[in-house]
Amino acid sequence: MSTRITVPPGPRPGLRWIAFKLRLSGAQVKEFRDRKRQFADCMLRSGVLACASATVHPATVKEPQVRLQRHRHGTLAAYALLALLMAFGPLARPVAQQPAPATPALRGFSTSRAAAQMALEQHLQRLPDPASIEGHLRALTAAPHMAGTPASRRVAEYIRDALRSYGWQAELVGYRAWLPQPVEVHLELVAPRAVLLARPEEPVEEDAASFRTDVVAGFNAYSPSAEVEAEVVYVHYGLPEDYARLRRLGVAVEGRVVLARYGRSFRGVKARLAEENGAAGLILYSDPADDGYAAGDVYPRGPYRPGSGIQRGSILYIFRYPGDPLTPGIAATAGAPRLAPAAAASLPRIPTLPVAARDAADILAHLGGPRVPREWQGGLPLTYHLGPGPATVRMRLRMDEQQRDVWNVIAHLAGQQDDEWVLAGNHHDAWAFGAVDPSSGTAVLLELARVLGELARNGWLPRRTLQIGFWDAEEYGLIGSVEWVEQRRAELAQKAVAYLNLDSAVSGSRFGASATPSLRALLYEATQAVVDPRSGRPLDEVWREQQSASGPVPAGADANPPVGWLGSGSDYTPFFHHAGIAALDFGFSGDYGVYHSIYDSYQWMRWFGDPDFAYHAALVRLAGVVLLRLSEADLLPLDFPTYAAEVQKAAGALSALVRQRRAPLDLAPVTAAAAAFADAAARADRALRAAVETPDAGRRAAINRLLRSVEQALLHSEGLAGRPWYRHTVFAPGTDTGYAAVLLPGVREALERGDWATARREAAALAAALERAAARLDEVSRLAAAEQPAAPAPVPVGASLGRR
Ligand SMILES: [Zn+2]
C-alpha cells in the first residue's frame, strides 16, 4: 500500500478518483469491462479498480489527505473493502484498449500486404503510454516560451534530444525573422474619469504557474509602435457587416479607437478592417459571452476565461502572406534580401492591443450614444452603447522592432524510399505555457515518434521516409513552417506525399478534423481502426453520433461526419496553400476558454482538458495509423472522386453567385473543366482498384509520383490576384475571414468585389488548373490500366464509405 499520497484532479470537475484497494480477478475485470457503460466514472489500472466520487472541487483541496470511507458503486460495492484518495492521474490508462476492430480492406494496399499492415498498426496501437505523454506535456509547459526567447530555444532542444533518444535523426534549423517584442504596453481611460487599463492577468491560488512573472504582457504581435488618444466606438466583432451597420446608424469610426470583441474572424482581419475604416487604433477584448463566465464557470472552477484573462495573438496579415514579413516567398536566412518594414504588405498599420473583459467593462461603462443593436449586446453586466465617447482612451505601445532567431526542429526516420516523404508537424512556441496550444499536439507527436522508433528498433523499416517538423514562431504568423517550406519548396514538390498537422490537439473529447478532400476517405477509414477512450467504441461511430447530436442530421443518417476545409491559422498553411501538398489536421476539442492566456497551463489540462491523457493517447494511435497508411501503402490512399465532387459543388455555387451579381462572366469553361476533373477522377479510381495488386514496383512508383502531383496541378504559378503567395486555385483562407476557407477563391472574391476583369482572369486560371489535374489523373489511368486487360469486377481499394 502506498503511503505517499497526493490528491489528484478528478476525471471531471467536481469528481475525484476513489481507488478501491482491491485487485480484481480476471472474471471481475471482464464483468467490469462488459458493464463499462454503467461505470462511466470508473477505470482499471494494473488490476486495481478506481471510481470517481463527487467531492469538493479539486482546486479547493490544498493538501494531501487520506480518508477512510465506505463507497457503494453498483454491484462493484461488494468488492470494495476500503477506499482512499490517492493519485490516479496521468498514469491511469483508459479501460478500453482492445485491439482495433478489423477493417475489411485497406485503401491503397494489395490484398497480400493488408494483413501485415493490420498487424503493424495493431502493434503500434498497443504502445502509446499516457504517462510518457504526460511527462512531455509537463516538460513543455514548465516555463513560458514565446518565440524569440531563450526559453523557446530550450524547448526546441528538449524536443530534439527526446527525438534522438527515440532513434530519430533530429536537427535544429534556424531562420532570422522580424519578431518585435513589446517594451511598453500602456492603456488608460482618460475621460470621463481616469482608470489605468491593460492590467495584467491575476494569478489563481490553485495553479502555481499563474504566479510566474516572466510571461509577456498582453499584446498583439506586429502591432506598430504608436501613441493615440481618442474617443472610443464599440464595433461588435469588427466584421465588414458591423462597419456597414455603424455607417447606417450614422456612427463614424474615423480617427477613433474602435473596441471589438474577439471571435468570428481572425484578429488580423479585424485589424485590417479597422485600418481600412479609418480607425486610429483598435482594442480587442474577450467578451464573457464568448469564452468567459457567460459561457461557463471560469478557471480554476471551470475551463473558461476569468475576467482578467487576456487573449494574446498576432495580427499579421497572413491572408496576404504568412511567415517572416520581410522575406515573402523566400527563406529568411541570414543573407536573404529583405524588405523595409514600411514596405511589408503583411504588417498592420494601426496600434492594436488585446485586453481582458474587466478592462473592456470599464470602457463600455462610459460609452454614450445609442444603445447597441440587440444582437450586439455581449455578456458584461451593463447595457452596451455604441459611443463615440465620452469614453476616451490613451494608448501607448512601444515594440523593440528587431529580428530574432527562430528554431525549428526537423526530425526524420529514413525509409526504404527516401524520394517519398510523409510529413507531420506542430509548432512548439507558445504565448505563455501553452498546454493545449500547442503542447498537446507536440506531446502527441513526441509519443508517436517514440512508438515509431520502437517499431523501428524491432526491425520495421518504413517504406517511405517519415519527417516531423516542430515549428517555431507559429504564433507570430506561421514563421517557422513558412520559411522551411519556402526553402525546401522544390524538394517538397518532388517528394512530399502529405502533411499531418496536430496543433492544439487535445482540449476535450470531441473529435473534429479538416483536410484536403483527397484525404477524407483515409481519415474515415483510420477512425474506424481506433477506439474512443471513454466509450471503448470505434472512433468513427462516436464521431458520427457527436455530429448528429450537435445539429441537424445530414441527409442520410449514415452519412460521414463533415470534415472541414483547410483555411489558415496553423502550420498546414504553407504546405497546402503554397506548395500544393495534401494536408490534414485533427484533434479532440472541448470547453476551452483560456486560449492564449496564462491559464492555458498544465494544471488546466489535468483538471479539464484530458486528466488521464487518454485522448492524447488515442490521438497518438490515430495519427500513427494515418501515417503508417501513408507511408506503407502500395498506391497512395488518395481519393479524387471526393475532391472532384467538392469542386463541382463549389463551381455550382459560383455560377449562382454570377447570376445573383449579374456579372458579365462566362463560367462554362470552369464548369466543363470541373466535369472533366470528375470524369478523370472516376476513371482513375476504377483503374487504381485493379492496379493496386500489380507486383511491378516501377509501375507503382510511377503511379504514385503522378498521384502526388495532382494537388500541385491545382496550383497557379502566379498565385491569386493581389496575394501571389497563395497559389491554390481551389482553396484559400478568406481575405475577410482569415481562418475560414473560401472555395475557388480567386474568382469568388473578385466577384464579391465586383471586379469582373480579375474574375475573368482567375476563372481562366482555375479552368486551366482543373484541366491539368484531369490530365494527370488520365495519365494515372493509362499507367494503372497498362498490362491489365479485361480486369474482372474490381476489388474495392478501401472500405466502402458511402460517399455521395
Ligand atoms: Zn497553435
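A residue counts as buried when its relative accessible area is under 20%, as exposed over 50%, and as partly exposed in between (1.4 Å probe, protein chains only). The exercises use a predicted model, in which local features need pLDDT of at least 70 and side-chain atom pairs count only at pLDDT 80 or more, while totals for chains, interfaces and linings use all residues. Residues are numbered from 1 along each chain as its sequence is written, and side-chain values use heavy atoms, with hydrogens and water left out.

**Exercise 1. Describe the protein chain as a whole.**

Step 1. Helices (H or I, at least four residues) and strands (E, at least two) are DSSP runs, numbered from the N terminus. By this rule the protein chain has 22 helices and 22 strands.

Step 2. Of the 804 residues in the protein chain, 62% are buried.

Step 3. A contact means heavy atoms within 4.5 Å. Among contacts between residues at least 6 apart in sequence, 80% join residues at least 24 apart.

Step 4. Accessible areas come from the Shrake-Rupley method with a 1.4 Å probe, and for residues only the protein chains shown count as cover. The protein chain exposes about 28900 Å², of which carbon and sulfur atoms supply 52%.

**Exercise 2. Work out the order and pairing of the strands in the open sheet of 7 strands.**

Step 1. Two strands pair if DSSP finds at least two bridges between them. The order is β5-β15-β17-β16-β18-β20-β19, and the pairing is mixed.

Step 2. The edge strands, each pairing on one side only, are β5 (169-178) and β19 (510-515). From one strand to the next, the twist averages 20°.

Step 3. Strand β15 (residues 403-413) runs antiparallel to β17, and 5 bridges join the two. Leu 413 has Leu 466 in β17 as its bridge partner.

Step 4. β17 also pairs with β16, here in the parallel sense over 8 bridges. His 427 stands opposite Trp 471 in β17.

Step 5. Gly 587 in β20 is the bridge partner of Gly 512.

**Exercise 3. Why is β17 described as largely enclosed by the rest of the structure?**

Step 1. Count the buried residues: β17 is largely enclosed because 8 of its 8 residues are buried.

Step 2. Look at the helices across the strands. Axes are lines fitted to C-alpha atoms, for helices over the stretch in contact, and angles run from 0 to 180 degrees between N-to-C directions. Helix α17 (residues 614-632) lies across β16 (417-427), β17 (464-471), β18 (496-501), β19 and β20, at about 165° to β20. Helix α20 (residues 697-713) lies across β16, β17 and β18, at about 35° to β16.

**Exercise 4. Is Glu 447 buried or exposed, and which residues does it touch?**

Step 1. Glu 447 lies in helix α9. In this helix (residues 435-457), 20 of the 23 residues are buried. Gly 459, with a positive phi near 105°, follows α9.

Step 2. Glu 447 has a relative accessible area of 0%, so it is buried.

Step 3. Leaving aside neighbours within four places in sequence, Glu 447 is in contact with Leu 127, Pro 128, Asp 129, Ser 132, Ile 133, His 136 and Val 620.

**Exercise 5. Examine the aromatic rings.**

Step 1. Rings of Phe, Tyr and Trp (its six-membered ring) pair if their centres lie within 6.5 Å; planes under 30 degrees apart count as stacked, over 60 as edge-to-face and the rest as tilted. The structure holds 28 aromatic pairs.

Step 2. One of them is the tilted pair of Trp 484 and Phe 575, at 6.2 Å centre to centre and 45° between the planes. Trp 484 is in helix α11 (residues 479-487) and Phe 575 in helix α15 (residues 572-578), 91 residues apart. Both Trp 484 and Phe 575 are buried.

Step 3. Tyr 524 and Trp 543 form a tilted pair as well, at 5.5 Å centre to centre and 35° between the planes. This pair links helix α13 (residues 520-528) to helix α14 (residues 539-550). Tyr 524 counts as buried because its relative accessible area is 8%, and Trp 543 because its value is 1%.

Step 4. One aromatic cluster is formed by Tyr 299, Tyr 592, Tyr 595, Tyr 599, Trp 604, Trp 607 and Phe 608.
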